[in-house]
Amino acid sequence: MVHSLPPEFYTPFLSTLAKERKPSPIRGLYPLERPGVISLLAGKPNADTFPLTAITLTSRAPDDPTRELTTEVSGRALADGLQYGPTAGLPALCEWVYGLQEREHGRRRGEGWRVSIGAGSQDVIYKAVMTLVNPGDAVLVECPVYAGVLPMFQALHCDLIEVDTDEHGIRSSSLHAALDTWPASKPKPKVLYTVPYGCNPTGMTATLERRQEVLALAREHNFIILEDDPYYFLYYGDAARYPSYFKLELELPEVGRVLRFDSLSKVLSSGIRIGFASGPEPLMQAIDMHTAVANLQTSSLTQTLTVALLDAWGYDGFAAHTTAVSRFYRAKRDVFALALRRHLIGLAEWSEPEAGMFFWFKLLLSEDTDAEGDSESIIRTKAYERVFLPSGRKTALLAEDEVEQAVMRLRDVIVEAREGS
């Protein structure tokens, strides 16, 4: 039997803003609209005035990209997609996510957690930060950290406590050192932010041992793990995929210290802007209260189109599609790795990623490997002039010959820097 932490456990974790936020007087009534109830709620436009009558989606079959599937969205499904919907997400998409989280992470409903749909995972991450962090709070972040979350913490003037990482993930010794020597007069950090698969920017994937160590420290020092996992389905390592923090906490005496964020941007469409958070009910309630006053809900229409496609595929079809996507990025990884080995051995150090889209490498700007050169200056000046393509396209978007050309140019820049040092 799974034991979840009680609701009152989370009260000290909530920010002052989250504690003071009041429920939306209108959105709070939506759950009362059930079959058999004649609703007189104001605010919903009359659907008879909406011009759309059907939407047809054409997609590649996940098990055979040469074959196309046609899915029509009409009737009740389209009506739901054209109207205001529940703050946490349309029931059909929420149900699909519950099924996915059980398949992927072994998490079942009724264990003290639930889901909330966001306009991309960045949306729910931002709301989670506002829910948990007060201005000036200390926050644990892996280093280097995903640059997209820094403005959230910086706007709150947070004390960012950097935790060292390597190619195996967060170094628990660094986390230990920060927390074991924490001043008694200063509140400990309430959250740790991490991207455990194919991290942006380092490309690292946290090993099972590192994840277990971090979870143990979360329990010992009482902090919430913000598990930002947009590259979970882009894992292409040779070993079996490591379990998520969300799954691993089932091994602990109680669950409820992981707030997980998933994204469909990397596997369906970045423009469709669908992500979701899964975590303890009290935290999800606070996030939804933020949504209710900020943007009411994630677009009903994009949710409807998404679940129509996913239902047409089924979970097995979705798995087949994401497997194909991960193979695609593995091939891209291999092209870039080959170019690095061909041109940068002795001029740079790197580890090959097992997931995601990112390579992290250190330029050796001096023959003295212990010397620290100004790689940032080189990248901003010489490398920018010669290496990075004018279109600004990322490595994952480049053709093989463009990767080769870019790495050759980078080699020339490093050699010049060495000769001038």
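Student: How much space lies in the second largest pocket?
Tutor: Keep in mind that this is a predicted model. For the second largest pocket, the computed space is about 620 Å³.

Student: Which elements give two or more residues to the lining of that second largest pocket?
Tutor: The lining has 24 residues, and the closest to the pocket's centre are K44, R76, D80, Q83 and Y84. By class, the lining splits into 14 nonpolar, four polar and six charged residues. The elements that supply two or more of the lining residues are α2 (75-82), α3 and α10.

Student: Are α3 and α10 roughly parallel or roughly antiparallel?
Tutor: Start with the axes: those of α3 (residues 91-105) and α10 (residues 300-343) come within 9 Å and cross at roughly 30 degrees. Angles under 35 degrees count as roughly parallel. So α3, relative to α10, is roughly parallel.

Student: And how many charged residues are in the contact of α3 with α10?
Tutor: α3 passes α10 in a left-handed crossing. On the α3 side the contact uses A92, L93, E95, W96, G99, L100 and R103, and on the α10 side Q303, T306, V307, L310, D311, Y315, D316 and F318. Sorted by class, that contact has eight nonpolar residues, three polar ones, and a charged count of four.

Student: α10 also meets α12; is that crossing left-handed or right-handed?
Tutor: The axes of α10 and α12 (residues 400-420) come within 9 Å, crossing at roughly 35 degrees. From α10, the residues V335, F336, A339, L340, R342 and H343 meet E400, V403, E404, V407, M408 and R411 of α12. Those residues divide into seven nonpolar, one polar and four charged. As for the hand of the crossing where α10 passes α12, it's right-handed.

Student: What about α6 and α7: roughly parallel or roughly antiparallel?
Tutor: The axes of α6 (residues 172-180) and α7 come within 10 Å and cross at roughly 10 degrees. Anything under 35 degrees counts as roughly parallel. That's why α6 and α7 are roughly parallel.

Student: Which residues of α7 does α6 meet?
Tutor: By class, the contact of α6 with α7 has four nonpolar, three polar and three charged residues. α6 brings S172, L175, H176, L179 and D180, and these meet α7 at E213, V214, L217, E220 and H221.

Student: On to the backbone: where is the P144 of the cis peptide bond found?
Tutor: Most peptide bonds are trans. The one joining C143 and P144 is cis, with omega about 0 degrees. P144 sits in the loop between β4 (138-143) and α5 (150-155).

Student: And which residue does a cis peptide bond join to N200?
Tutor: Here omega is about 20 degrees, and the bond joins N200 to a proline. That proline is in the loop between β7 (191-194) and α7 (208-221). The residue is P201.

Student: Is the phi of N222 positive or negative?
Tutor: Most residues other than glycine have a negative phi. N222 lies in the loop between α7 and β8 (224-228). N222 is not a glycine, yet its phi, at about 60 degrees, is positive.

Student: What separates the C-alpha atoms of P253 and V2?
Tutor: P253 is found in the loop between α8 (245-248) and β9 (258-263). Leaving aside neighbours within four places in sequence, P253 is in contact with H3 and R219. P253 and V2 are 251 residues apart along the chain, and their C-alpha atoms are separated by 8.2 Å.

Conventions: Residues numbered from 1 in each chain as written. Predicted model: local features only at pLDDT ≥ 70, side-chain atom pairs only at ≥ 80, totals over all residues. Heavy atoms only, no water. Axes fitted to C-alpha atoms, helices over the stretch in contact; angles between N-to-C directions. Helix = DSSP H or I, 4+ residues; strand = E, 2+ residues; numbered from the N terminus. Parallel < 35°, antiparallel > 145°, perpendicular 65-115°, else oblique. Left-handed = near helix turned anticlockwise from the far one by under 90°. Contact = heavy atoms within 4.5 Å. Nonpolar A, V, L, I, M, F, W, Y, C, P; charged D, E, K, R; others polar. 1 Å grid on protein atoms, 1.4 Å probe; cavity = no way out; pocket = protein on both sides within 12 Å on 5 of 7 lines; lining within 4 Å. Points joined across faces, edges and corners; volume = space filled by probe spheres on them.
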